[in-house]
Amino acid sequence: MKRQSRASQLRGIRQHFYRQVVDTQDDQPLRVLAYSLVPSPRARPDEDWGTLQAEADQLGYAIAARLHDVAVPVTTTYFPASSASQGVYTPPWDRPGWREAERQLRAGLADGVLVLDRHNISSDDDEYHAVIKRLGEHCRAFLHLVISEEPVAPT
């Protein structure tokens, strides 16, 4: 129950910043940066681009740029006192593609970021919350997810 309420809270914050951007827009389509996090250096974000483009088309967004980063794999087997077993994780603001997205947002080249799901940003609730707030407060931008934080209940 707590996990679901946190998802609702995060979704509400994300929607709050979306409304702030929309309220200041004229009749121009919202410009978004398509962002993808691919699982390995050999992986290509082409499938994500297709999904993100379809979402942008459906909502009337204009994609200003496509950016991606490579996820650093997290080790799942841990051996005590072994440096080889330590997982490495790169927070979004330390990824080159995400830094470029923030730079473009601050420069006014886009109004928001379009991603497939929140895990392209962060699976950690606190870190994800910090990213949403950073986009809204420092970049005056929003985050749009194709797959929302909160699963829709069946009807």
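Let's start with a word you'll need: a residue is buried when its relative accessible area is under 20%, exposed when it is over 50%, and partly exposed in between, using a 1.4 Å probe and protein chains only. By that rule, 39% of the 155 residues in the protein are buried.

Before you click on, note that this is a predicted model, where local features need pLDDT of at least 70, side-chain atom pairs count only at pLDDT 80 or more, and totals for chains, interfaces and linings use all residues. Residues are numbered from 1 along each chain as its sequence is written, and side-chain values use heavy atoms, with hydrogens and water left out.

Switch to a cartoon view. You'll find four helices and four strands, running α-β-α-β-α-β-α-β from the N terminus. Here helices (H or I, at least four residues) and strands (E, at least two) are DSSP runs, numbered from the N terminus.

Now select residues 46–59: that's helix 2, with 14 residues.

Next, show the side chains of D48, W49, L52, E55 and A56, the buried residues of helix 2. Look down the axis of helix 2: these buried residues fall within an arc of 130° (taken from the directions from the axis to the C-beta atoms), so they line one face.

What do they pack against? Select strand 1 (31–38), strand 2 (62–70), strand 3 (112–115) and strand 4 (142–145) to see the partners.

Last stop: G60, which follows helix 2 and has a positive phi, near 80°.

Notes
The expected span of a helix is 1.5 Å times one less than its number of residues. Contact means heavy atoms within 4.5 Å.
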